[in-house]
Amino acid sequence: MYVSMEVENYEAVFDSTGDNATLRQRTLPLSIGGVGVDSILYDSVSLSEFNVPLKVFDTVSQFRIMRTDTVLPADTLSVYHDNSMEFLSLECGCITYHTLRRVETTTHIIDSIIILNDDVKTSIESSGSNLRIYFRTDD
């Protein structure tokens, strides 16, 4: 059993007057990796949502998000969180849960980001996505 943060990809599409927006989930070719570690979590994969692990012994987890269909620079997503360990059993030991405090991002390909659910739990206990990322539109 593991704990990972679930993220949705969305875009806001405005009508011709620019007054009304429609939100829609978006599938994008992305490469995602941790910052400060030598790991690639997703390598040029078309994703409409993804899961990333948060650090257990730190309160800031950072990720590099790159669209592989554009020459725009990658964005850095910084997730600030609290950690709490809970005892599961003698066989399993403890598991670390996270509470999201705030998120920050650079804005090359990402327009904005919101926290939907601040409790990051196991995949079994999860109550949906934790973050929604709004990517910049191509048009």
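Visitor: Which residue in β4 stands opposite Leu28?
Guide: Leu47 in β4 stands opposite Leu28. Before going on, note that this is a predicted model, where local features need pLDDT of at least 70, side-chain atom pairs count only at pLDDT 80 or more, and totals for chains, interfaces and linings use all residues. Residues are numbered from 1 along each chain as its sequence is written, and side-chain values use heavy atoms, with hydrogens and water left out.

Visitor: How do β3 and β4 pair?
Guide: β3 and β4 pair in the antiparallel sense over five bridges. Two strands pair if DSSP finds at least two bridges between them. Strands here are DSSP runs of E with at least two residues, helices are runs of H or I with at least four, and both are numbered from the N terminus.

Visitor: And what lies between those two strands?
Guide: β3 and β4 form a hairpin with five residues between them. Gly36 in the turn has a positive phi of about 85°.

Visitor: Which residues touch the most other members in the largest nonpolar core?
Guide: Met5, Phe50 and Ile65, in a core of 26 residues. A nonpolar core is a set of buried Ala, Val, Leu, Ile, Met, Phe, Trp, Tyr and Cys residues joined through side-chain atoms within 4.5 Å. The largest share of this core, four residues, comes from strand β8 (residues 93–105).

Visitor: What is Ile65 in contact with?
Guide: Leaving aside neighbours within four places in sequence, the contacts of Ile65 include Leu30, Ile32, Phe50, Leu77, Ile133 and Phe135. Contact means heavy atoms within 4.5 Å.

Visitor: New topic. How many salt bridges are there?
Guide: The count comes to seven. A salt bridge is a side-chain nitrogen of Lys or Arg within 4 Å of a carboxyl oxygen of Asp or Glu.

Visitor: What does Glu11 form a salt bridge with?
Guide: Glu11 forms one with Arg26, and the closest N and O atoms are 3.1 Å apart. Glu11 lies in strand β1 (residues 5–14) and Arg26 in the loop between β2 (21–25) and β3 (28–34), so the pair ties together parts that are 15 residues apart in sequence. Glu11 and Arg26 are both buried. A network of salt bridges links Glu11, Arg24 and Arg26.

Visitor: And Arg136, which residue does its side chain meet in a salt bridge?
Guide: Asp111, at 3.5 Å from N to O. That pair links distant parts of the chain, with Arg136 in the segment after β11 (131–135) and Asp111 in strand β9, 25 residues apart. Arg136 is partly exposed at 35% relative accessibility, and Asp111 is partly exposed at 41%.

Visitor: Last one. Where does Asp118 lie?
Guide: Asp118 lies in the loop between β9 (110–115) and β10 (119–120). Leaving aside neighbours within four places in sequence, Asp118 is in contact with His98, Thr99 and Leu100.

Notes:
Buried means under 20% relative accessible area, exposed over 50%, partly exposed in between (1.4 Å probe, protein chains only).
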